[in-house]
Amino acid sequence: MSSKAFIEQLSPVLFWDMDKSQLDVEKHARGLIQRVLEYGTLSDWRLTRDFYGLDTVVANCKQMRTLDPMALSFICAISDTKKEDYRCYQFRLSHPTHWNS
């Protein structure tokens, strides 16, 4: 599948704040994957997994500074990895908040 076809098949709501014609799927992979995990539909997830491959998705997620806790749990379950392997989880442990989040 081409990059353009991939972007066109994703939900338009993911790109409410940007011009998707300017998006480079390789350069902006981490941000795109994060948007799909946090705001996309199940079909967006399947498209992303098929386009990048699960290993690439997991590798990008492991480097993210922030990731919604539910999205983190999903990617851990789908890839059989531990939360402790993810940068966003380590950051959360090392920077506790006063609020329940």
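Helices α2 and α4 lie roughly perpendicular to each other, a label given to angles of 65 to 115 degrees. This is a predicted model, in which local features need pLDDT of at least 70 and side-chain atom pairs count only at pLDDT 80 or more, while totals for chains, interfaces and linings use all residues. Residues are numbered from 1 along each chain, and side-chain values use heavy atoms, with hydrogens and water left out.

**α2 with α4**
- Helix α4 (residues 54–62) packs against α2 at an angle of about 95°, the axes being 10 Å apart.
- Ala29, Arg30, Ile33 and Leu37 of α2 make the contact with Val57, Asn60 and Cys61 of α4 (heavy atoms within 4.5 Å).

**α2 with α3**
- The axes of α2 (residues 29–39) and α3 (residues 42–52) come within 9 Å and cross at roughly 150°, which makes α2 roughly antiparallel to α3 (over 145 degrees).
- This contact joins Ala29, Leu32, Ile33, Val36 and Leu37 of α2 to Asp44, Trp45, Thr48 and Tyr52 of α3.

**Second largest pocket**
- The second largest pocket has a volume of about 150 Å³, a pocket being an open set of points on a 1 Å grid, where a 1.4 Å probe fits, with protein on both sides within 12 Å along at least five of seven lines.
- Its lining, made of residues with an atom within 4 Å of a point, includes Val36, Leu37, Trp45, Met70 and Phe74.
- The elements giving two or more residues to this lining are α2, α3 and α5 (69–79).

Note on methods: Axes are lines fitted to C-alpha atoms, for helices over the stretch in contact, and angles run from 0 to 180 degrees between N-to-C directions. Helices (H or I, at least four residues) and strands (E, at least two) are DSSP runs, numbered from the N terminus. Angles under 35 degrees count as roughly parallel, over 145 as roughly antiparallel, 65 to 115 as roughly perpendicular and the rest as oblique. Grid points are joined across faces, edges and corners, and a volume is the space filled by probe spheres set on the points.
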